[in-house]
Amino acid sequence: MLRFIARRFVSMIFVLFSISVLSFLIFFATPGVDPAARIAGRNADQQTLKAVRHDFGLDRPLPVRYALMMKKLFITRDLTSYVNRGAKVIPQVTQAAPVTLSLVFGAAVIWVIASIAMGMLAGVFRGTAIDTTVMIVGLIGISMPVFWLGEVVNLITQSRLHGSVFSWVPPLGYVPFTHSPWGWFKALLFPWLTLSILYIGIYARVLRSAIVEAQEEDYVRTARAKGLTERRVLFRHALRTSLIGFVSLFGLDFGALVGGGALLTEVVFGLHGVGKLTFDSLQNLDLPVILATVMYAAFFVVVANAVVDLVYAWLDPRVRRA
Amino acid sequence: MSGAIVDEVLAPAGGDLAIAAAGPWQLARRRLLRNRVALVMAGLLAVIVALCLGAPLYAHHIAHTDPFRSNLDGTTIANGKRVPVMVQSTQGLGLGVTPIGPTWDVHHYFLGADGQGRDVAARLLYGGRNSLLIGTSAALITCFLAVLVGVVAGFFGGLVDGILSRLLDVVWAFPVYLLAISLSTVLIARGFSLGPLHLTSGSLLLPITIIGLVYIPYVARPIRGEVLSLRRREFVEAAIGLGASNWRLLWSDILPNVVTTAIVLFPLMLAIDMLTEAALSFLSIGVQEPKASWGSIILDGQDLLYTRPAVALAPGIAIALTVLALNVLGDGIRDALDPRAKLRKTKDD
């Protein structure tokens with residue numbers, strides 16, 4: 001097991017390194033993209049461009065620039081923005097992180113509970129009208145663009161029914177938990193629901209098919225033959241093994257969402273999280289901020305991947321030798 | 001003499017020759033034709049595609065409008081009266097204009113106008129063409145390249161597999177939307193030129209290529225895993241034993257088996273691609289003005305959300321219906337061809 005952990009750790013570092021190189025290349029070495037032109041403004045003359053290039057170290061060879069960038073990002077932690085001169089990048093990310101974490105955490109609670117309920121309902125009543133209905137509802141959830149769903153939710157809660165049923169919904173934006181827990185909850189309830197709809201659909205379907213598969217397994221038949229109650233067979237035997245795939249999928253999706261995958265939800269609901277920060281910095285091509293957020297995102301995804309693998313290896317010894 | 005032996009061998013199967021003769025493709029087709037929900041969805045999809053392909057017909061011959069030119073001073077007919085397309089606001093100070101809402105008359109602004117006085121219904125159909133075109137092309141690129149990468153990595157193993165798998169890992173570890181957004185922002189700001197290839201920022205090839213590339217690991221990973229297990233199967237070992245060349249093994253033993261997976265994953269991939277295209281266009285880094293796509297129309301409708309919600313609602317409904325149809329159809333095809341195929345497998349087994 002220790003060897004497996006060590007190997008996994010090395011590959012994690014390797015992937016993180018490759019991502020940093022890849023994103024560095026996307027933003028700094030794509031043909032036709034000149035950060036200096038961005039920084040200097042639209043109609044800058046050659047002199048200014050040259051000065052800017054020198055100021056930001058853009059006239060040095062690529063590997064040197066990469067090393068400098070990484071040093072500023074991880075070691076001295078004083079990377080500054082290109083657009084707002086002097087603004088430090090890392091505090092921006094640490095400020096945005098709680099917003100994203102609040103959003104994703106709440107949505108995850110909703111989607112896990114709802115999808116387990118729906119998946120089990122459909123799995124137990126498979127082949128009946130309940131099964132079909134639940135699965136169609138899930139499919140509809142998967143098929144809607146999340147940003148559009150967010151707009152529809154806004155249309156209802158902020159405009160059409162704001163005068164009556166939804167008068168308690170605060171205006172779009174984030175309220176820190178430390179500031180007012182109830183305000184935090186009210187501000188995030190609809191973003192949570194919107195973000196979770198897609199995942200409820202996916203996870204309910206995954207769980208249903210796992211439960212249906214498990215019903216055919218020998219150990220479930222054995223459990224039945226032992227005379228266990230149907231409820232015990234379902235919860236203790238079928239559901240438990242069905243959750244393995246569910247958990248691994250959850251790790252990956254949670255990592256991706258915390259890493260900025262919730263961007264569209266953040267944009268539609270005016271939440272200034274990491275995704276929104278990335279998007280805003282992409283709009284004005286603020287490369288240091290982009291690089292910082294991408295690295296932050298990659299970190300969560302890669303760690304989530306590694307955790308999933310470790311859990312797998314812990315559950316199933318065969319994986320360790322693979 | 002030899003003819004007699006053949007007759008004898010075939011004789012027992014003579015009774016139900018029809019069943020014995022049905023190949024895997026025929027069986028799959030029969031299974032799919034029995035799935036009524038999938039057929040209904042295929043029909044819905046066909047209707048949507050036909051409507052979108054008919055966009056120029058609708059714009060020129062029914063609505064008589066140019067959905068790519070702003071029409072702020074134009075007039076149209078609603079309830080039998082001639083009215084301006086952009087209505088002076090009656091609320092507040094009376095400043096600003098609001099586009100006309102849905103008239104529900106196919107000849108005159110069926111779904112109303114957008115912020116530039118353009119016919120939303122006509123733009124919806126044209127936008128659908130682009131959304132479907134981008135989705136289909138990107139899904140084709142993904143499936144083609146993923147089969148190539150997956151088969152090469154799985155078949156040759158060793159160093160080739162090591163490099164390709166690491167590459168897939170890196171792309172996989174990137175949150176896919178962030179990767180697509182990063183690439184789009186950088187490329188759409190300036191266009192892309194590499195040697196003789198030059199893409200302007202308005203080119204549809206940019207979103208097609210970007211979306212096509214970022215999803216390769218989703219399909220390549222399961223295919224690589226499948227090739228790995230196929231290599232150990234008896235019929236492949238038999239072929240190796242008979243002295244078949246690598247090329248022959250790939251072409252007639254491996255490829256026919258993994259193509260099924262690619263076909264099964266194609267509609268599901270298309271659904272994901274269409275959602276991605278919508279997201280990119282909504283963030284204004286996908287299809288560029290004056291071209292339209294369903295995502296870009298939702299963006300157009302964002303400012304009008306509370307006054308003229310139809311502009312944003314209609315394309316969203318169109319996307320949801322199309323993607324729903326694709327998902328149901330994709331499930332049907334999977335059940336018919338290969339019930340175990342899964343998109344975005346987390347393990348290679």
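Helices (H or I, at least four residues) and strands (E, at least two) are DSSP runs, numbered from the N terminus. Residues are numbered from 1 along each chain as its sequence is written, and chains are lettered from A, with ligands numbered from 1, in the order in which they are written. The model is a predicted one, where local features need pLDDT of at least 70, side-chain atom pairs count only at pLDDT 80 or more, and totals for chains, interfaces and linings use all residues.

On those terms, B:D161 sits in helix 7 (residues 158-173) of chain B. A residue is called buried if 20 or more other C-beta atoms lie within 10 Å of its own, exposed if 12 or fewer, and partly exposed in between, with C-beta atoms placed from the backbone. B:D161 has 17 other C-beta atoms within 10 Å, so B:D161 comes out as partly exposed. Contact, here and below, means that the C-beta atoms of two residues, placed from the backbone, lie within 7 Å. Setting aside neighbours within four places in sequence, B:D161 is in contact with B:A153, B:G154 and B:F156. As for B:V151, ten residues separate it from B:D161 in sequence, and the C-alpha to C-alpha distance between the two is 9.6 Å.

Turning to chain A, the secondary structure amounts to 14 helices and zero strands. The C-alpha atoms of chain A fill a box of roughly 85 × 60 × 35 Å, taken along the principal axes. Of its 322 residues, 37% count as buried. Among the contacts in chain A with a separation of 6 or more, 70% come from residues 24 or more positions apart.

Chain A is divided into domain 1 (2-89) and domain 2 (97-321), with bounds that come from an automatic or database domain assignment. The centres of the two domains of chain A, taken over C-alpha atoms, are 33 Å apart. Their contact takes 22 residues from domain 1 of chain A and 19 residues from domain 2 of chain A. On the domain 1 side, helix 1 (2-28), helix 2 (35-40) and helix 4 (62-75) of chain A each supply at least two residues. Helix 1 of chain A gives the most to that side, with twelve residues. Sorted by class, the domain 1 side has 16 nonpolar, four polar and two charged residues. For these classes, Ala, Val, Leu, Ile, Met, Phe, Trp, Tyr, Cys and Pro count as nonpolar, Asp, Glu, Lys and Arg as charged, and the others, Gly among them, as polar.

One helix pair in chain A can be described in more detail. The axes of helix 8 (residues 181-215) and helix 10 (residues 230-261) of chain A come within 8 Å and cross at roughly 150°. That makes helix 8 of chain A roughly antiparallel to helix 10 of chain A. Axes are lines fitted to C-alpha atoms, for helices over the stretch in contact, and angles run from 0 to 180 degrees between N-to-C directions. Angles under 35 degrees count as roughly parallel, over 145 as roughly antiparallel, 65 to 115 as roughly perpendicular and the rest as oblique. Residues of helix 8 of chain A in this contact include A:Y199, A:Y203 and A:L207, while those of helix 10 of chain A include A:L239, A:F246 and A:D253. The residues of this contact of helix 8 with helix 10 of chain A divide into eleven nonpolar, four polar and one charged.

Between the chains, the contact takes 37 residues from chain B and 43 residues from chain A. Helix 7, helix 8 (176-190), strand 5 (192-194), helix 12 (246-282), helix 13 (294-302) and helix 14 (310-337) of chain B each give two or more residues to the side of chain B that touches chain A. Helix 8 of chain B gives the most to this side, with nine residues. The side of chain B that touches chain A has 27 nonpolar, eight polar and two charged residues.

Elsewhere in chain B, helix 9 (residues 205-214) is mostly covered, with seven of its ten residues buried. Among them are B:L206, B:I210 and B:V214.

Some backbone details of chain B also stand out. Most residues other than glycine have a negative phi, and most peptide bonds are trans. The loop between helix 12 and helix 13 of chain B holds B:P290, and the peptide bond from B:E289 to B:P290 is cis, with omega near -5°. B:S284 lies in the loop between helix 12 and helix 13 of chain B, and has a positive phi, near 65°. B:Y109 has a positive phi too, near 45°, and is buried, with 29 other C-beta atoms within 10 Å.
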